[in-house]
Amino acid sequence: MATLASTAVSAPLFSPFSLRGVTFRNRIVVSPMCQYSAQDGFAADWHLVHLGSRAAGGAAQVTVEMTAVSPEGRISPACLGIWKDEHIPKLAQVAAFVASQGAVPAIQIAHAGRKASVKPPGLGGTFLTEAEGGWAPLGPSPIPFRPEDGIPHEMTLDEIRGVVEAHAAAARRAVKAGFQLIEIHGAHGYLLNEFMTPLANQRSDEYGGSFENRIRITLETIKAVRAAIPDEMPLSLKISAVDWAAGGWSLEESVRLAAEVKKAGVDVVVCSSGNVVAHQQVEFKPGYQVPFAERVKSEAGIPTGAVGLITKPDQANEIVLKEQADLVVIAREFLRDPYFPMRAAKALGAKVVFPKQYTAAFL
């Protein structure tokens, strides 16, 4: 089992952190990253090796990619699912191995909404018609993400209630599979995020219009999931803190949302941004989303995770040192280097205990 620890003030990135009944060995989280390597929603050996190697590499939390709560909630036919009990055994194998390496096994559950039924990115990411093996996407309003995409079906109240229950059912399966943390995906233009922003939600009923109405399905989903999981299990929510488009969701609304979800049972908010509209104008630069996590943490009084172009050990350490966020959530750098935490520990002078199988490399 790989463990990383440091009590040095200069390396707070390697200090432990606790949420409810779970303690993280450091502050480094493997972000959920879609692998587009599933069939009928089933995880495969690829997921076991991909996620297991990051756990052996020393991350505190390893998060299974966006996992659909229903077949039509997938982004593509190659996406993971947790909508039926048959999905549990392979996911349980992944969770067990991640835990055996000292990391917290986590899973992100989601519904893709109007961004569903597309080809995997490697095949172009274009819309899949039903004749091509796709399906009719759902959304808060009949507004497509791109003009060339399918027009989403405007969800009925019964369909909204069905999606909320699907998240709760998925959470119950995740508990059975042995995951120790669940993250609800409310970001990147997927269904819950679509309801939040007026750029995708033009409803006139109790799920549209005012801020309180637009966040209603998110709060209902959180409460349903919280009721479906043990009290000692942490619950995370990923949000798009801003839309990067005129007339869209704002950082002020994210702070208000964070205060509400805290009361509903969320323990940590991961602050990403954008991807709800194709015409967004994003200011990409290292750590460009860290200020969102810092403001949500400060003003809503809830732990946060920072994500976005965080690639260097000192950069990650500074985020925790300056209390801009409690967790550093890393994606692409983990694709490049599964053992980033070991490299970071060496760079920051933190103590590292590597897997015994790798002893020869450290002599």
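## Close-up views of a predicted model

**View 1. Ser 117 is buried, because its relative accessibility is 0%.** The model shown here and in every other view is predicted. Ser 117 sits in a loop. That loop runs between β6 (104–110) and β7 (138–139). Look at the backbone as well: phi of Ser 117 is positive, near 60 degrees. Most residues other than glycine have a negative phi.

**View 2. Tyr 36 also has a positive phi, near 50 degrees.** Tyr 36 is a residue other than glycine. Its loop lies between β4 (28–30) and α1 (45–56). Is Tyr 36 buried or partly exposed? Buried would require a relative accessible area under 20%. Tyr 36 has 26% relative accessibility, so Tyr 36 counts as partly exposed.

**View 3. Leu 51 is a residue of helix α1.** Its relative accessible area is 4%, so Leu 51 is buried. Which residues touch Leu 51, leaving aside its neighbours within four places in sequence? They are Val 62, Thr 63, Val 64, Val 94 and Val 98. Now find Pro 338. Leu 51 and Pro 338 are 287 residues apart in sequence. In space, their C-alpha atoms are 8.9 Å apart.

**View 4. The largest nonpolar core has 90 residues.** Leu 13, Ile 109 and Ile 182 have the most contacts inside this core. Which helix gives the most to the core? Helix α3 (residues 157–177) does, with nine residues. Start at Leu 13 and look at its surroundings, leaving aside neighbours within four places in sequence. Leu 13 is in contact with Asn 26, Arg 27 and Ile 28, among others. Its contacts also include Pro 313, Ala 316, Asn 317, Val 320 and Val 328. Ala 344 and Leu 348 touch Leu 13 too.

**View 5. Helix α11 (residues 340–348) has buried residues along it.** They are Phe 340, Pro 341, Met 342, Ala 344, Ala 345 and Leu 348. Two of these, Ala 344 and Leu 348, are in contact with Leu 13. An α-helix has 3.6 residues a turn, so residues three or four places apart point the same way. Just after α11 comes Gly 349, with a positive phi of about 75 degrees.

**View 6. Helix α6 (residues 216–228) crosses α7 at roughly 25 degrees.** Two packed helices are described by the angle between their axes and the distance between the axes. Here the axes come within 9 Å. Angles under 35 degrees count as roughly parallel. The helices α6 and α7 are therefore roughly parallel to each other. Their crossing is right-handed. From α6, the contact uses Leu 219, Ile 222, Lys 223 and Arg 226. From α7, it uses Glu 260, Val 261 and Ala 264. By class, there are four nonpolar, no polar and three charged residues.

**View 7. Helix α7 (residues 251–264) also crosses α8 (residues 290–300), at roughly 50 degrees.** The axes of α7 and α8 come within 9 Å. How do α7 and α8 lie, parallel or oblique to each other? They are oblique, because of their crossing angle. The crossing of α7 and α8 is right-handed. In α7, the contact residues are Leu 251, Glu 252, Ser 254, Val 255, Ala 258, Ala 259 and Lys 262. They meet Phe 292, Arg 295, Val 296, Glu 299 and Ala 300 in α8. The residues of this contact divide into seven nonpolar, one polar and four charged.

Definitions and conventions
Residues are numbered from 1 along each chain as its sequence is written. This is a predicted model: local features need pLDDT of at least 70, side-chain atom pairs count only at pLDDT 80 or more; totals for chains, interfaces and linings use all residues. Side-chain values use heavy atoms; hydrogens and water are left out. Helices (H or I, at least four residues) and strands (E, at least two) are DSSP runs, numbered from the N terminus. Buried means under 20% relative accessible area, exposed over 50%, partly exposed in between (1.4 Å probe, protein chains only). Contact means heavy atoms within 4.5 Å. Axes are lines fitted to C-alpha atoms, for helices over the stretch in contact, and angles run from 0 to 180 degrees between N-to-C directions. Angles under 35 degrees count as roughly parallel, over 145 as roughly antiparallel, 65 to 115 as roughly perpendicular and the rest as oblique. A crossing is left-handed if the near helix is turned anticlockwise from the far one by less than a right angle, and right-handed if clockwise. Ala, Val, Leu, Ile, Met, Phe, Trp, Tyr, Cys and Pro count as nonpolar, Asp, Glu, Lys and Arg as charged, and the others, Gly among them, as polar. A nonpolar core is a set of buried Ala, Val, Leu, Ile, Met, Phe, Trp, Tyr and Cys residues joined through side-chain atoms within 4.5 Å.
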